[in-house]
Amino acid sequence: MEDQTVAEYAGRLQSELPADMRPFAAVDKQTTVWPGTEIPYLFGSSITEDDSTLRELIESAVQQWNDSQDRIELVAAEDTAEEAVLFEKPSGTKRLCQASLGYTEGQSTSVKVNDKCEKGSIVHEIGHALGLMHEHQRPDRSTYIDPVDWAKEGNNYAVAPTQYQTAYDLCSIMHYHPLQKPDDSPAGEWFTLTEAGQKSFDACKGDLPTENGCQEVGQRCVLSSVDLSAVAELYPGVKGESKETGEGTVADAPK
Ligand SMILES: [Zn+2]
């Protein structure tokens with residue numbers, strides 16, 4: 001495949017994504033999707049006018065979502081909106097990027113980020129807010145990744161009850177990088193690819209942009225084609241639908 005920029009990749013996906021493509025990215029079984037095709041978002045009061053860098057990062061992440069697919073549109077909401085993806089800035093200066101999962105009726109879905117989160121990480125957090133789980137928490141992950149030390153229950157490496165279609169997506173923006181460790185765990189490589197994993201990754205990475213770091217497992221560069229087909233499956237036109245509410249918070253660990 002010829003070199004391509006992120007913008008070229010996004011444009012090509014729009015035109016080439018097969019209509020019948022099934023989602024592979026992991027989706028939590030309890031998670032509820034947003035009703036309708038317009039998903040409101042807001043800046044909370046913790047993000048002030050002075051936070052221009054953070055605002056720009058968030059806006060560019062929102063734009064990647066809006067430019068990459070045509071099922072849903074994140075739209076700036078009125079400050080009084082009760083249900084919105086609510087971007088907030090956590091207190092403290094430590095890098096923190098985390099999001100609640102999916103939609104909860106009558107409530108906002110919190111996405112906490114500061115300007116130490118790069119744009120791709122904010123795209124990842126928005127993925128959680130839309131209902132996507134971590135790819136590496138799928139029950140079938142061990143075919144593709146070999147954990148060095150799968151940590152305890154409850155962290156971001158624990159197997160989660162997810163639903164998905166056939167192929168595990170090592171190119172997903174919802175997959176962790178091997179150096180992204182659970183909180184309070186020793187630094188180092190947390191998994192390696194199995195032979196099947198390497199083969200699978202080789203197959204998908206040629207589809208990713210060639211820009212810096214885009215062709216790594218755990219890339220925070222672009223939504224993969226399977227991330228987008230998962231979203232297409234979750235949001236086929238859900239206007240007016242109301243379902244059970246989901247809950248959960250996913251705090252992403254630093255590398
Ligand atoms: Zn995450």
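## The model

The structure is a predicted model: local features need pLDDT of at least 70, side-chain atom pairs count only at pLDDT 80 or more, and totals for chains, interfaces and linings use all residues. Residues are numbered from 1 along each chain as its sequence is written.

## The whole chain

The protein chain has five helices and ten strands. Both are DSSP runs, numbered from the N terminus: helices are H or I with at least four residues, and strands are E with at least two.

Of the 255 residues, 41% count as buried. A residue is buried if 20 or more other C-beta atoms lie within 10 Å of its own, exposed if 12 or fewer, and partly exposed in between; the C-beta atoms are placed from the backbone. Contacts reach along the sequence too. Among those between residues at least 6 apart, 82% join residues at least 24 apart. Two residues are in contact if their C-beta atoms, placed from the backbone, lie within 7 Å.

## Helices α2 and α3

Helix α2 spans residues 52–68, and helix α3 spans residues 119–130. Their axes come within 8 Å and cross at roughly 60°. That makes α2 oblique to α3. Axes are lines fitted to C-alpha atoms, for helices over the stretch in contact, and angles run from 0 to 180 degrees between N-to-C directions. Angles under 35 degrees count as roughly parallel, over 145 as roughly antiparallel, 65 to 115 as roughly perpendicular, and the rest as oblique. The crossing of α2 and α3 is right-handed: the near helix is turned clockwise from the far one by less than a right angle.

On the α2 side, the contact uses Leu57, Ile58, Ser60, Ala61, Gln64 and Trp65. On the α3 side, it uses Lys119, Ile122, Val123 and Ile126. These residues divide into seven nonpolar, two polar and one charged. Here Ala, Val, Leu, Ile, Met, Phe, Trp, Tyr, Cys and Pro count as nonpolar, Asp, Glu, Lys and Arg as charged, and the others, Gly among them, as polar.

Ser68 is also found in α2. It is buried, because 22 other C-beta atoms lie within 10 Å. Ser68 and Val222 are 154 residues apart in sequence, yet 8.9 Å apart in space, C-alpha to C-alpha.

In helix α4 (residues 195–205), Gly197, Phe201 and Cys204 are buried. Seen down the axis of α4, these buried residues fall within an arc of 70°, so they line one face of the helix. The arc is that of the directions from the helix axis to the C-beta atoms. An α-helix has 3.6 residues a turn, so residues three or four places apart point the same way. What covers the buried residues of α4 includes β7 (145–147) and β9 (191–193). The face turned away carries the exposed residues Glu195, Ala196, Lys199, Asp202 and Ala203.

Helix α5 (residues 225–234) is mostly covered, with nine of its ten residues buried. Among them are Val226, Leu228 and Val231.

## Two loop residues

Asp207 lies in the loop between α4 and α5. It is partly exposed, because 18 other C-beta atoms lie within 10 Å. Leaving aside neighbours within four places in sequence, Asp207 is in contact with Cys171 and Ser225. The C-alpha atoms of Asp207 and Ser224 are separated by 8.3 Å.

Thr93 sits in the loop between β4 (85–88) and β5 (97–100). With 9 C-beta neighbours inside 10 Å, Thr93 counts as exposed. Thr93 and Asp115 are 22 residues apart in sequence and 9.2 Å apart in space, C-alpha to C-alpha.
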